[in-house]
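Today I am opening the notebook on a new model and going through it piece by piece. Here is what I looked up, in the order I did it.

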2 protein chains.
Amino acid sequence: VTPPLTARAVPGVPEIAPGADLAAAIYEAARSSGIELGPEQVLAIAHKVVSKAEGRLVRLADVVPGARARELAERFGKDPRAVEVVLSEAVEILRAERGVLIARTRHGFVCANAGVDASNAPEGTLVLLPEDPDASARRLRARLVTLLGGEAPAVLVTDSFGRAWRHGQCEIAVGLAGLAPLDDWRGRRDSRGLELRATWIAVADQAAALADLVRAKDSHEPAVVIDGLERYVTPEDGPGAAALVRAPQEDLFP
Amino acid sequence: VTPPLTARAVPGVPEIAPGADLAAAIYEAARSSGIELGPEQVLAIAHKVVSKAEGRLVRLADVVPGARARELAERFGKDPRAVEVVLSEAVEILRAERGVLIARTRHGFVCANAGVDASNAPEGTLVLLPEDPDASARRLRARLVTLLGGEAPAVLVTDSFGRAWRHGQCEIAVGLAGLAPLDDWRGRRDSRGLELRATWIAVADQAAALADLVRAKDSHEPAVVIDGLERYVTPEDGPGAAALVRAPQEDLFP
């Protein structure tokens, strides 16, 4: 039988400002709530606090919009400075329609507004995705090793993305250290010995999705502790969430 | 604080054949394992056993491939009968490349092979998606009400789909009774009182994803019991997973 799974939000994580020791803040909040952090767990962290701690904030007042940003902003009734920030985070704009810019980010993520977000941000500022979310996850995990005086949980940095063909958003993995991004059953056998040709499980994205179900968007619950995914947790940091990105020229699933 | 979440597979669900009383089989297996089913829970069921119980199986020996199926099969080195079954389940083929047919099913789902699957199926047969997976979920829930002598869990019928732009598959909701498909925060306020413009959570898809993490693909664990989503469970069956399907002409996220 597959082990059961439990997940809970870490209560009491304080507001995170640029330069904050995020790993320590989560570690302290967990300890205060009697939540033990161990090497068999996954610690899912909303990218927004990671970005804030890393200072990945842009003040709109500091932005000078270029011609393209002004043109798009005019078309969509948006703030040209906000559009300029989105363009600067994008390597490609895939669609610009009905007020939404679908962009490919430099990480290879395809999402609305290149991951630039105004919600839960200080007034007049926008939050960007971390520069290198896998590196962020590795740094957070390394810091937890120090704080815990031993092995640390896997760290999963998440963001919520819209999807093609379906309404609503799902949380996905943008950064990863110590969790297998994918579980490849292609070529393995099913319960009847048949080959499971198309089965290639996006473990880290599914773990991100579950973490989203244990925190409310309006509360300060950026961190979720997941138990029951030990079989996907590794001492080494592994390939990271970059392994989940499909190259544009290969974009056909499964 | 958002309530914690737990999920576990129901062990010992027997092999399901056409005409089987699937709700009773899961109910009995849960009871044998001391797992109580209650109205605050979500019962996630892999579509494959739902399809099998409903007789949504096609024997390849009974299929006569048409000209288009023969042509595609030739191009991709596939069984023309299997391709014929995929074409008969599709209302539109979006892409046919590198051996994969990406199709829109009559339910509006966009997925590989129109949801037709050979794994974990009796030899020489293919498993189709349920005719109307929301109706399947409602029937299963109604049957559980009878078996439990009172209110039943929400029922979530799932399948694993590939995604655009990302590797691997995530389990999603194809049928639903008693679970909110979406949680709409658009227009609500975040922790600082700012409007959360793009936040529209695909609750049911995320619940499906989490269920996939508590069952192994090679074991007989088609049913997963989820606790901790009470706030999304409703006595009425609600709009179903059909509400998650984005109309083709609207296909731009979020």
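Predicted model: local features only at pLDDT ≥ 70, side-chain atom pairs only at ≥ 80, totals over all residues.

**Entry 1: a glutamate in a strand**

I started with E171(A), which I found in strand β9 of chain A, residues 169-177.

Is E171(A) buried or exposed? I got a relative accessible area of 3%, so E171(A) is buried. My scale is under 20% relative accessible area for buried, over 50% for exposed and partly exposed in between, with a 1.4 Å probe and protein chains only. What does its side chain meet? The side chain of T158(A) joins that of E171(A) in a polar contact of 2.6 Å. By polar contact I mean a pair of N or O atoms within 3.5 Å; within protein, one must be able to donate a hydrogen and the other to accept it, and residues adjacent in sequence count only if both atoms are side-chain atoms.

**Entry 2: where the chains meet**

Next I turned to the interface, where 80 residues of chain B are in contact with 80 residues of chain A (heavy atoms within 4.5 Å). The area buried between the two chains is about 7,200 Å², and carbon and sulfur atoms give 57% of that. Buried area here is the accessible area (1.4 Å probe) that two parts lose on being put together, summed over both. I noted W165(B), H167(B) and L213(B), which supply 13% of the area that chain B buries against chain A, more than any other three residues.

How many salt bridges cross the interface of chain B and chain A? The rule finds 4, where a salt bridge is a side-chain nitrogen of Lys or Arg within 4 Å of a carboxyl oxygen of Asp or Glu. I looked up D205(A) and R166(B), whose side chains meet in a salt bridge at 2.9 Å, N to O.

Which element gives the most to the side of chain B that touches chain A? I found α6(B), with 7 residues. By class, that side of chain B has 44 nonpolar, 13 polar and 23 charged residues. I count Ala, Val, Leu, Ile, Met, Phe, Trp, Tyr, Cys and Pro as nonpolar, Asp, Glu, Lys and Arg as charged, and the others, Gly among them, as polar.

Then I checked the strands: β1 of chain A (residues 5-9) and β1(B) pair in the antiparallel sense over 3 bridges. Two strands pair if DSSP finds at least two bridges between them. A7(A) has L5(B) as its bridge partner in β1(B).

**Entry 3: a loop residue in chain B**

I found E40(B) in the loop between α1 (22-32) and β2 (42-46) of chain B. E40(B) counts as partly exposed, at 32% relative accessibility. Leaving out residues up to four places away in sequence, E40(B) touches D227(B), L229(B), E230(B) and V233(B).

**Entry 4: salt bridges within the chains**

Over all chains, I have a count of 36 salt bridges. One of them joins K48(A) and D117(A), with the closest N and O atoms 2.9 Å apart. That pair links distant parts of the chain, with K48(A) in helix α2 (residues 47-53) and D117(A) in the loop between β6 (110-112) and β7 (125-127) of chain A, 69 residues apart. K48(A) is buried at 13% relative accessible area, whereas D117(A) is partly exposed at 23%.

R141(A) and D237(A) form a salt bridge too, with closest N and O atoms 2.9 Å apart. R141(A) lies in helix α5 (residues 133-148) and D237(A) in the segment after β12 (223-227) of chain A, so the pair ties together parts 96 residues apart in sequence. I get 7% relative accessible area for R141(A), which is buried, and 25% for the partly exposed D237(A).

Technical notes. Residues numbered from 1 in each chain as written. Chains lettered and ligands numbered in written order. Heavy atoms only, no water. Helix = DSSP H or I, 4+ residues; strand = E, 2+ residues; numbered from the N terminus.
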